[in-house]
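Subject: Handover of a structure and notes on its contents

Dear colleague,

Please find below the structure that I am passing on to you. My notes on what was found in it follow directly after.

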Number of protein chains: 2
Amino acid sequence: MNIGELAKRAGLTHSRIRFYESAGLLKTVERRPNGYRTYPPEAVLVLELITTAQKAGFSLDEIRTLLPPDLGQWDHGALIETLRRKVADIEALQMRLKQSKAQLVALIKDIEAKPDDIDCAANARRVLSHILGKEIEKPTMAAGDVKLLGRASRRRTGSAG
Amino acid sequence: MNIGELAKRAGLTHSRIRFYESAGLLKTVERRPNGYRTYPPEAVLVLELITTAQKAGFSLDEIRTLLPPDLGQWDHGALIETLRRKVADIEALQMRLKQSKAQLVALIKDIEAKPDDIDCAANARRVLSHILGKEIEKPTMAAGDVKLLGRASRRRTGSAG
DNA sequence: CATAACCTTTCAGTTAAGTTTAAGGTCAAG
DNA sequence: CTTGACCTTAAACTTAACTGAAAGGTTATG
């Protein structure tokens with residue numbers, strides 16, 4: 001199978017397959033006399049495995065260290081351990097997300113709970129002090145010299161040349 | 001306040017503050033005759049607000065479009081809407097994580113549930129077919145020509161020069 | 001006056017996971 | 001024999017959010 005055929009079957013681009021090879025995720029396959037790579041049908045499986053693992057949150061680096069030299073010979077211990085660590089990672093992230101979400105929901109409520117008898121600036125001060133977890137003095141917001149926030153066009157970080 | 005003082009108070013690096021300015025997150029502040037930037041005390045607040053928003057999952061781009069020209073004058077509607085969208089994003093991510101976690105846990109169980117009477121390669125085949133959600137034929141794993149997985153050193157993508 | 005601690009700008013480098021482009025070789029059809 | 005599809009490599013480019021270095025001006029201190 002040529003790379004084009006493999007790309008079609010696995011649903012990836014040619015460049016991505018070559019990139020995986022250069023990244024050490026795929027063994028360097030045999031070449032025909034003209035230099036073309038020839039893949040065995042199992043290559044499709046390996047690529048599917050890689051993309052599946054990616055969707056589950058594994059980086060290519062992690063995948064590379066897990067993939068065995070032969071699809072039938074996995075390192076059980078390392079594999080199980082990595083899987084467990086990934087589960088732990090997910091759980092940690094889940095906790096962070098739960099917190100973030102709770103804070104955002106509280107913030108929305110807070111903004112919407114503007115007392116009728118205070119002005120916008122005062123409400124901003126009130127909400128801001130909740131966000132930053134500290135009191136904010138009046139002059140801060142009232143001063144005409146608060147010119148910190150801009151709408152400048154985004155500078156591109158170098159022309160990478 | 002000079003940039004060094006601000007950096008210390010906000011707990012950021014000088015370069016990061018300058019980067020924020022160039023990225024349009026901070027208004028270009030006044031300069032002393034020698035060219036030094038001078039910040040009002042409120043700059044600390046703005047920086048804290050930015051880092052807080054970042055921790056909550058907002059990109060600098062999002063933050064830039066949300067930050068008002070004046071700390072007292074927020075665009076209520078846009079703000080609330082963005083906050084709600086972010087909450088929705090988090091919820092979507094939470095669902096994905098829940099799924100990924102469930103799959104990983106199932107996978108671990110599956111790997112550990114190797115029947116005593118089959119060999120490793122057969123177990124690998126069994127587990128793999130669960131992962132990829134399809135049957136895998138024996139020759140696939142048994143063939144000696146399955147040489148797809150490599151441990152090649154990682155190629156760096158250009159010297160960026 | 002030396003020197004250290006500030007400040008300035010500009011540009012290059014970093015990571016991840018690729019994509020895109022340039023320049024060219026090969027192969028099958030008409 | 002030319003056209004187009006397919007393959008090759010190397011190297012640059014992309015995004016995000018910075019960091020670091022180079023090269024130089026300023027200011028405070030002894």
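A helix, as the word is used here, is a DSSP run of H or I of at least four residues, and helices are numbered from the N terminus. In that sense Glu48(B) has its place in helix H3 of chain B, which covers residues 42–55. Please bear in mind throughout that this is a predicted model.

To stay with Glu48(B) for a moment: a residue is buried if 20 or more other C-beta atoms lie within 10 Å of its own, and exposed if 12 or fewer do. Glu48(B) has 19 such neighbours and therefore counts as partly exposed. Leaving aside residues up to four places away in sequence, Glu48(B) touches Ala10(B) in chain B and Leu132(A) in chain A. Between Glu48(B) and Arg16(B) there are 13 Å from C-alpha to C-alpha, while the two are 32 residues apart in sequence.

Chain A as a whole

Chain A contains seven helices and zero strands, so that its pattern along the sequence reads α-α-α-α-α-α-α. Of the 161 residues in chain A, 19% are buried. If one takes the contacts in chain A between residues at least 6 apart in sequence, 45% of them join residues at least 24 apart.

Confidence in chain A

The mean pLDDT of chain A is 84, and 83% of its residues reach 70 or more. The pLDDT is below 50 over residues 139–148 of chain A, a stretch that has 19 contacts in the model beyond near neighbours in sequence. It is also below 50 over residues 152–161 of chain A, where the model shows seven contacts beyond near neighbours in sequence.

Helix H5 in both chains

Which helix of chain A do the buried residues of H5(B) pack against? They pack against H5 of chain A. The buried residues in question are Lys86(B), Ile90(B), Lys101(B) and Leu104(B). Helix H5 of chain B, residues 76–112, has 37 residues and reaches 54 Å from its first C-alpha to its last, close to the 54 Å expected at 1.5 Å a residue.

In chain A, helix H5 likewise covers residues 76–112, and Ser100(A) lies in it. Ser100(A) is partly exposed because 17 other C-beta atoms lie within 10 Å. Not counting residues up to four places away in sequence, Ser100(A) touches Ala56(B), Gly57(B) and Ile90(B). Ser100(A) is 29 Å from Ile63(A), C-alpha to C-alpha, and 37 residues from it in sequence.

Leu60(A) belongs to helix H4 of chain A, residues 60–66. With 16 C-beta neighbours inside 10 Å, Leu60(A) is partly exposed, and it touches Ala23(A) and Leu25(A) when residues up to four places away in sequence are not counted.

Pro69(A) sits in the loop between H4 and H5 of chain A. Its 13 C-beta neighbours inside 10 Å make Pro69(A) partly exposed. Pro69(A) and Glu112(A) are 43 residues apart along the chain, and 58 Å separate their C-alpha atoms.

With kind regards

Technical notes: Residues numbered from 1 in each chain as written. Chains lettered and ligands numbered in written order. Predicted model: local features only at pLDDT ≥ 70, side-chain atom pairs only at ≥ 80, totals over all residues. Helix = DSSP H or I, 4+ residues; strand = E, 2+ residues; numbered from the N terminus. Contact = placed C-beta atoms within 7 Å. pLDDT = per-residue confidence, 0-100. Expected span 1.5 Å × (residues − 1).
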